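Please read it with the structure open.

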Amino acid sequence: MKRIAYIVLVGMLMACVGSQGLLNERAGVQDWTVFRGSPSLCGYTDCALPDAPQLLWSVTTQTRTVAAPIVFNSVVYMLSRRGELRGYTAEGDSCFYHHLNTPVEASFIAKDSTLYVGRIDGKVTALSMDGKGKGANVLWEYETLGQISGSPNLVGNQLLVGSYDGSMYTFQTKTGRKTGQWETGYYINGTAAVWKHWMMFGGCDSWVRVVDTSTGRMTDSLELDTYVPASPAILDGVACACDYNGNMYEMVLEEGKIVNHRKLLASSADNDGQEGGVVSMPTMTRKDVYVLSGDRYISCVSRESGKVRWRKMLRGVTGECSPLVAQDKVLVCTKDGHVSILDSEDGAELWHYEIGEPIIASPAICGDRFFILTSRGTLLCFV
């Protein structure tokens with residue numbers, strides 16, 4: 001284990017109150033408990049990234065990792081593909097370990113001292129943390145008929161999980177009782193995005209669907225040009241989603257209905273003429289949408305005009321790790337190990353760090369620091 005530690009984390013993760021209402025769904029200002037920061041999956045946080053980040057500490061587990069890290073009760077958790085769940089303190093010290101004894105690729109989520117995990121074997125597992133630092137108790141499990149590749153999500157007291165059996169499920173968080181199931185007929189790779197009591201999810205059948213979780217009724221759907229490999233994002237009742245060809249769509253929601261939609265970005269205009277391979281998510285602010293495109297580009301698209309405001313070639317090859325926006329800065333990672341912070345207004349590179357290991361998992365941003373997890377199981381904390 002490699003550790004560089006010299007600053008004690010005091011008052012961790014302050015100033016993360018969502019002035020745009022984006023983070024009010026999150027469990028406290030000291031946590032990053034949901035994939036991409038909030039159930040809306042918009043990828044925006046009011047936390048500010050440091051001007052000149054320094055590596056505070058790093059730990060190396062040498063285990064393949066796909067799932068994004070989360071911060072829960074000021075402990076940073078990571079989950080290896082082999083099912084090893086590890087927790088680290090603010091100083092990078094190991095404080096938790098639990099083995100699920102099954103492969104896991106999906107990101108996981110936390111609420112009320114419980115971790116919810118979707119597994120490759122198709123099971124959903126709820127783990128109650130015992131507070132003693134070592135081990136966890138299984139509260140309940142439910143077995144779907146296909147692998148789970150997308151993170152669970154939450155709306156109220158319901159857990160949302162998509163499966164390769166072609167169904168989106170909802171469960172009562174405390175008991176694991178299934179409260180809903182919607183069959184699509186094809187794989188569901190991504191996570192359901194949440195806005196109020198509605199959820200939106202895409203699938204490999206090219207359709208985006210909207211479900212009212214309070215009634216269990218599917219309220220609308222829209223067919224895109226090709227299949228949807230990742231999750232949509234929602235902000236203030238407007239959703240964005242990308243298809244595999246690199247097209248990005250904007251959809252306006254009213255009372256669970258898609259009342260208007262447009263192709264905000266066409267692949268032929270912003271993908272170097274190369275069809276296919278786009279598996280990242282869009283990141284939304286009230287002004288712009290940020291999306292990875294082509295092999296090495298990130299684009300900023302104006303939501304008002306629908307025009308590309310700027311386009312930046314990254315230092316490495318794009319992959320599944322979608323960008324995050326923190327106030328006026330964009331945090332973007334490449335699958336060959338480059339981490340960059342860009343100016344959100346013009347795309348200028350403000351900071352760069354080369355880890356040298358592939359990055360697939362989405363980062364976590366908390367207060368004045370952020371966490372990067374590589375696919376080889378190295379967790380890094382920058383401040």
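Predicted model: local features only at pLDDT ≥ 70, side-chain atom pairs only at ≥ 80, totals over all residues.

1. One of its sheets is open and has four strands in the order 15-16-17-18, paired antiparallel. Its edges are strand 15 (193-195) and strand 18 (217-223), each of which pairs on one side only. Neighbouring strands in this sheet are turned by 20 degrees against each other on average, direction ignored.

2. Strands 17 and 18. Where strand 17 (residues 207-212) meets strand 18, the antiparallel pairing runs over six bridges. One place to look is Trp-207, whose bridge partner in strand 18 is Glu-223. As a reminder, strands of a sheet pair through backbone hydrogen bonds, in a parallel or an antiparallel way.

3. Strand 33 and its burial. Is strand 33 buried or exposed? Five of the five residues in strand 33 (residues 378-382) are buried, so the rest of the structure largely encloses this strand. Buried here means under 20% relative accessible area. The cover extends to both faces. Thr-378, Leu-380 and Phe-382 are buried on one side, and Leu-379 and Cys-381 are buried on the other.

4. The partners of strand 33. Strand 2 (residues 55-60) pairs antiparallel with strand 33 over five bridges. In that pairing, Ser-58 stands opposite Leu-380. Strand 32 (residues 369-373) also pairs antiparallel with strand 33, over four bridges. Here Phe-371 stands opposite Cys-381. Strands 32 and 33 form a hairpin, with four residues between them. Gly-377 sits in the turn and has a positive phi of about 85 degrees.

5. Most residues other than glycine have a negative phi. Two residues deserve a look on this count. Asn-73 is not a glycine, yet its phi is positive, at about 55 degrees. Asn-73 lies in the loop between strand 3 (70-72) and strand 4 (75-79). Glu-255 also has a positive phi, near 50 degrees. Its loop runs between strand 21 (248-254) and strand 22 (257-265).

6. Exposure of those two residues. Are Asn-73 and Glu-255 buried or exposed? The cut-off for exposed is over 50% relative accessible area. Asn-73 has 52% relative accessibility, so it counts as exposed. Glu-255 has 62%, so it counts as exposed too.

7. Ser-40. This residue lies in the segment before strand 1 (44-45). Ser-40 is buried, because its relative accessible area is 5%. Its side chain makes a polar contact of 2.8 Å with the side chain of Ser-38.

8. The largest pocket. Its volume is about 570 Å³. The lining comprises 26 residues, and those nearest the centre are Val-66, Ser-149, Asn-189, Pro-229 and Glu-320. By type, the lining of this pocket divides into twelve nonpolar, ten polar and four charged residues.

9. The cavity. How many cavities of 30 Å³ or more does the structure hold? There is one. The largest cavity has a volume of about 40 Å³. Which residues line the largest cavity? They are Lys-111, Asp-112, Thr-114, Tyr-116, Asn-157, Thr-173 and Lys-174. This lining divides into one nonpolar, three polar and three charged residues.

Notes:
Residues numbered from 1 in each chain as written. Heavy atoms only, no water. Pairing = 2+ DSSP bridges. Helix = DSSP H or I, 4+ residues; strand = E, 2+ residues; numbered from the N terminus. Axes fitted to C-alpha atoms, helices over the stretch in contact; angles between N-to-C directions. 1 Å grid on protein atoms, 1.4 Å probe; cavity = no way out; pocket = protein on both sides within 12 Å on 5 of 7 lines; lining within 4 Å. Points joined across faces, edges and corners; volume = space filled by probe spheres on them. Nonpolar A, V, L, I, M, F, W, Y, C, P; charged D, E, K, R; others polar. Buried < 20%, exposed > 50% of the residue type's maximum accessible area, 1.4 Å probe, protein only. Polar contact = N/O pair within 3.5 Å; in protein donor to acceptor, adjacent residues only side chain to side chain.
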